[in-house]
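I opened my notebook for a friendly walk through this one.

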Amino acid sequence: GAYAHQDVPFEKVVERLSLERDQSRSPLFQTVFVLQNNEQIGGLEIGSNELESISIDHVSSKFDFSLAVTNNPKGLVFDFEYATSLFKESTIKRLANHYQELVNSVLENTN
């Protein structure tokens, strides 16, 4: 059903759900996980235009917590972004260590 209605504006979806709005927060979710399984190296060409990705340092987090995992030639890169008003750095480091143990365990136990 979502694909059939993908042209519906996001604001309309939120309005229909009758959620209480707080402009400082995302109305539907506060946690994001992104897996970029893109092994392309260098820029992307579209016609005569070449696009390349750039890294941007964020001053504030868009969500309470987000984790982006990118595959590059050296391996997986994990980018944790979080609201410092909600999480301590030590909590995020502990979470990162647990996540690393999980990934290592999965890799060691694949058949």
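My entries on this predicted model follow.

Entry 1: I began with the strand order and found an open sheet of three strands, arranged 1-4-5, with mixed pairing.

**Entry 2: strands 4 and 5.** How many bridges join strand 4 to strand 5? I read off eight, with strand 4 spanning residues 65-72 and the two strands running antiparallel. For Asn72, I found Gly75 in strand 5 as the bridge partner.

**Entry 3: the helix on the sheet.** Next I asked which strands helix 2 touches. Helix 2 (residues 89-108) packs on the sheet and touches strand 1, strand 4 and strand 5. I noted that its direction makes about 150° with that of strand 5.

**Entry 4: aromatic pairs.** My search of the whole structure turned up five aromatic pairs. I looked at Phe33 and Tyr99 among them: their ring centres are 6.5 Å apart and their planes stand at 55°. An angle over 60 degrees would count as edge-to-face and one under 30 as stacked, so I logged this pair as tilted. Phe33 belongs to strand 1 and Tyr99 to helix 2, so the pair ties together parts 66 residues apart in sequence.

I followed Tyr99 to another partner, Phe78. Phe78 and Tyr99 make an edge-to-face pair, at 5.4 Å centre to centre and 75° between the planes. This pair links strand 5, where Phe78 lies, with Tyr99 in helix 2, 21 residues apart.

**Entry 5: charges.** Side chains of opposite charge can pair when their charged atoms come close. I looked for salt bridges on that basis and counted one. The side chains of Lys93 and Glu89 form it, at 3.3 Å from N to O. Both residues lie in helix 2, four residues apart, which is about one turn of the helix. I checked Glu89 for accessibility too: at 48% relative accessibility, Glu89 counts as partly exposed.

Note on methods:
Residues are numbered from 1 along each chain as its sequence is written. This is a predicted model: local features need pLDDT of at least 70, side-chain atom pairs count only at pLDDT 80 or more; totals for chains, interfaces and linings use all residues. Side-chain values use heavy atoms; hydrogens and water are left out. Two strands pair if DSSP finds at least two bridges between them. Contact means heavy atoms within 4.5 Å. Axes are lines fitted to C-alpha atoms, for helices over the stretch in contact, and angles run from 0 to 180 degrees between N-to-C directions. Rings of Phe, Tyr and Trp (its six-membered ring) pair if their centres lie within 6.5 Å; planes under 30 degrees apart count as stacked, over 60 as edge-to-face and the rest as tilted. A salt bridge is a side-chain nitrogen of Lys or Arg within 4 Å of a carboxyl oxygen of Asp or Glu. Buried means under 20% relative accessible area, exposed over 50%, partly exposed in between (1.4 Å probe, protein chains only).
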